[in-house]
Amino acid sequence: MPYVMVPVPEDMVQEVMQQIIRLQRNASLAEWTGEAVAAFFDEIDEDGKAFLSTVARATTAGKDLAMADVASVIELNVRETAGIHRDLTELAAERNHMPLVNQRDVTEVLPNGRMQEKKAVTMDVEVAAMVRAAERDELLADGANG
């Protein structure tokens, strides 16, 4: 791969290099497939499954959830929920995959009409469908075994 020299302000060299390394690492990660999501879902604990299922449901419904919203749904505190997110992200990286769940900034309109920025957890719509399918398959398998 050929290299191109680009001028970067001296005080930003470290940040630019980190971004380049991040981009190179992400380019080498494998895409999620239905089989990979199903295997991943089967491998994680119940809290991780609840986290992924909650975010997948919200994503397929077109809703934005804050980490506190997810914590409320899965009946854990925000710190524990953020820990689950971190653990799932690390496990995905160990499996050479992008994170299933990402955070992004969204603007929420409050009842009084004011705008508020919040961090929302979300996933790709196709990945959300794969998570929902894995969840459905597990429920069907448990029903057949139970």
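Glu-75 is exposed, its relative accessible area being 69%. This value, like the others reported here, was computed from a predicted model. Glu-75 counts as exposed because its relative accessible area of 69% falls in the class over 50%. The residue is placed in the loop that runs between helix H4 (67–74) and helix H5 (78–94).

Asn-96 belongs to the loop between H5 and strand E2 (102–109). With a relative accessible area of 36%, Asn-96 is partly exposed, because this value lies between the limits of 20% and 50%.

The second largest pocket of the model holds about 180 Å³ of space. Its lining includes Ala-30, Glu-31 and Trp-32, together with Met-98, Pro-99, Leu-100 and Asn-102. Further lining residues are Asp-124, Glu-126, Val-127 and Met-130. Among the contributing elements, helix H6 (residues 125–145) gives the most to this lining, with three residues. By residue class, the lining of the second largest pocket comprises seven nonpolar residues, one polar residue and three charged residues.

Methods. Residues are numbered from 1 along each chain as its sequence is written. This is a predicted model: local features need pLDDT of at least 70, side-chain atom pairs count only at pLDDT 80 or more; totals for chains, interfaces and linings use all residues. Side-chain values use heavy atoms; hydrogens and water are left out. Helices (H or I, at least four residues) and strands (E, at least two) are DSSP runs, numbered from the N terminus. Buried means under 20% relative accessible area, exposed over 50%, partly exposed in between (1.4 Å probe, protein chains only). On a 1 Å grid over the protein atoms alone, a cavity is a set of points where a 1.4 Å probe fits but cannot get out, and a pocket is an open set with protein on both sides within 12 Å along at least five of seven lines; lining residues have an atom within 4 Å of a point. Grid points are joined across faces, edges and corners, and a volume is the space filled by probe spheres set on the points. Ala, Val, Leu, Ile, Met, Phe, Trp, Tyr, Cys and Pro count as nonpolar, Asp, Glu, Lys and Arg as charged, and the others, Gly among them, as polar.
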